[in-house]
Amino acid sequence: QVQLVESGGGLVQPGGSLRLSCAVSGSIGSINDMGWYRQAPGKQRELVAVITSGGSTDYADSMKGRFTISRDNAKSTVYLQMNSLKPEDTAVYYCNAYVRVVLSSVTRVYWGQGTQVTVSS
């Protein structure tokens, strides 16, 4: 019904930048909040940033000032611009979206498959 496909991960040196994208496709009626999470080896998945359908944003404290979340509603896509990357940012990054499918009144969360970000020299 609904698929989320992430792209843009990879290997980057400390201090570098990456831009992640997450495209939502399928039988979309509407998309509410969208977000990015990450999970490092041996750690729990944690919130990175969220953005509402109206464009309001919120960030985890450690990402404020370095990461920027944005969305293109016409493309059903959410982005994460990551600057000043640190080795501790190394993780699998997942996007999610709260989607109401066509002909349904129910909104549920969908997740992408994850994209690896490695920050290392």
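Tutor: A disulfide is a pair of cysteine sulfur atoms within 2.5 Å, and we shall look for such a pair in this predicted model.

Student: How many disulfides does a search of the whole structure find?

Tutor: The search finds 1 disulfide.

Student: What makes cysteine 22 and cysteine 95 count as a disulfide?

Tutor: The distance from S to S is 2.0 Å, and the cut-off is within 2.5 Å, so the pair of cysteine 22 and cysteine 95 meets the definition of a disulfide.

Student: Which parts does the pair tie together?

Tutor: Cysteine 22 belongs to strand 3, residues 18-26, while cysteine 95 belongs to strand 9, residues 91-101, so the parts that are tied together lie 73 residues apart in sequence.

Student: Why is the disulfide of cysteine 22 and cysteine 95 called right-handed?

Tutor: It is called right-handed because the torsion about the S-S bond is about 55°.

Student: How do you know whether cysteine 22 is buried or exposed?

Tutor: Buried means under 20% relative accessible area; cysteine 22 has 0%, so cysteine 22 is buried, and cysteine 95, also with a relative accessible area of 0%, is buried as well.

Student: What does the secondary structure of the protein come to?

Tutor: The protein has 0 helices and 11 strands.

Student: Why is the protein said to be as compact as a globular protein of that length?

Tutor: For 121 residues the globule rule gives 14 Å, and the radius of gyration of the protein is 14 Å, close to that value, so the protein is as compact as a globular protein of that length.

Methods. Residues are numbered from 1 along each chain as its sequence is written. This is a predicted model: local features need pLDDT of at least 70, side-chain atom pairs count only at pLDDT 80 or more; totals for chains, interfaces and linings use all residues. Side-chain values use heavy atoms; hydrogens and water are left out. Helices (H or I, at least four residues) and strands (E, at least two) are DSSP runs, numbered from the N terminus. The radius of gyration is taken over C-alpha atoms; the globule rule is 2.2 Å times the number of residues to the power 0.38. Buried means under 20% relative accessible area, exposed over 50%, partly exposed in between (1.4 Å probe, protein chains only).
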